[in-house]
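Here's a quick tour of two spots in this structure. Have a look at the picture, then read on.

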Amino acid sequence: MSLADQAKKFGFNQAMKYLAKDPEENLPKLMEMVDKFMPADVFVEQRAAFRHAISEKNNWYQLLMKFYALDPHVRETVFRTFLLNGNLIGWPLQEKKRAEHGCNIPWAVLLDPTSACNLHCTGCWAAEYGHQLNLTYDDIDSIIRQGKELGCYIYIYTGGEPLVRKADLMKLCEVHNDCAFLCFTNSTLIDEAFCQELLRVGNFVPAISLEGFEEANDSRRGEGVYQKVMGAMKLLKSHGLPFGLSVCYTSRNWDDVTSEQFFDQVIDMGALFAWFFHYMPTGKDAVPALMPKPDQRTAVYQRIQAFRKTKPLFTMDFQNDAKYVGGCIAGGRRYLHINAAGDVDPCVFIHYSNVNIHDVTLLEALKSPLFMAYHKGQPFNENMFKPCPMLENPDILPRLVAETGAHSTDPEAPESAEDLCARTAPYAQQWSPVADKLWEEQKEK
Ligand code: SF4
């Protein structure tokens, strides 16, 4: 570790210890110290927002204080791995490697430990797999080791249901205790014994899939699943374990999952964050009618923006928040996806690739033709309400796939990018004028 990183680590640890003693009392004092010693022109907006949160004791302040109700070992480990390693130390190293290698370097790697799942949700690609694919323990361990060399300390499990492999995942948390692990899960395999494991390792945070209220959730995921999710949240909260939600919004459930009742309920259950995903018509069983209509997507955007000012919940709205991250983050720009067969996809929704992690290194994958096409093409649109080469710019993905010779990595039913984008083209056409209007309004703010 460089001297600068050691200094960051020391300062960070001291600040965390000081805060933990009495967060309400010490947070304003810590902020005063930061203002005194940090040059006035560094992190100006962020510091102003922080000062505002402290003086108003607003929703962000309340959210921060919720971290101090967590198990202390888990809180310390999550702060150390996610904030310190994943961002303060990892980010500058990623930038350095990006310049050195002339390709994208990710902030996070998404990977599917398995394609297997214990549920059979309607329309889910994992449920359709006729056979089970797995990344071995050694595969995942190797990906993480290579990722850390590039400055990546954040690993996100998707699937399949990753907790089908919970013994291996806990071992990886132990071995890589400098990394933060997040896991999309249906939560039905979270029990008392697993909570004890989470308390022990400290660096594993579940993001529980929820589709809305009980009826909507169970109609897609199976009867009784909603109550199991509520049970898992209760168990996690009672152990002081951090967790969040993963919510896919569609033309059917958008109103429920962005309602105040839904927000209040999940906050009450103990969720600290909610990641909202726009429904993507990926795969042969996709239902294009589930893509939100322009007025529905606009309402989702406006509601989530409004709740950010009032609710103690950290939300991300993946299709509408591109302005905060400069457009599409896939292709390794901030993340990539490795499926259970080892194919290295640019995005969890875009299943095309030239390479498999069993044949190439992570860095070689980042330099592969499709990833380099992402690197050169990003942002795919200057309008940040139209970030995606598949959803809002359906002419781009087929071109990238054709130019780079990438193949479909869908293990069950390969489909051409043309067929996939034929489903999004009518959507893109309807969304475009609305997106242009939103973008103009945004620029005026
Ligand atoms: S490819 Fe599309 S869905 Fe994937 S990160 Fe980029 S904008 Fe989002």
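## Strand 8 and its partners

This is a predicted model, and we'll begin with a pair of strands. Strand 1 (residues 108-111) runs parallel to strand 8, and four bridges join the two. Within this pairing, leucine 110 sits opposite histidine 337 of strand 8.

Strand 8 also pairs with strand 9 (residues 344-345), this time antiparallel and through two bridges. Histidine 337 turns up again here: its bridge partner in strand 9 is aspartate 345. Between strand 8 and strand 9 the hairpin has five residues, and glycine 342 in that hairpin takes a positive phi near 95°.

## Which way the side chains point

Which residues of strand 8 point one way, and which the other? Covering residues 335-338, strand 8 sends Tyr335 and His337 one way, while Leu336 and Ile338 go the other way.

## A threonine in a loop

Now hop over to threonine 188. You'll find threonine 188 in the loop that links strand 3 (180-185) and helix 9 (192-201).

What does the side chain of threonine 188 make polar contacts with? One partner is the side chain of asparagine 118, at 2.8 Å, and another is the side chain of asparagine 186, at 2.7 Å. Leaving aside residues up to four places away in sequence, threonine 188 touches Asn118, Leu119, Val225 and Lys228.

Note on methods:
Residues numbered from 1 in each chain as written. Predicted model: local features only at pLDDT ≥ 70, side-chain atom pairs only at ≥ 80, totals over all residues. Heavy atoms only, no water. Polar contact = N/O pair within 3.5 Å; in protein donor to acceptor, adjacent residues only side chain to side chain. Contact = heavy atoms within 4.5 Å. Buried < 20%, exposed > 50% of the residue type's maximum accessible area, 1.4 Å probe, protein only. Pairing = 2+ DSSP bridges.
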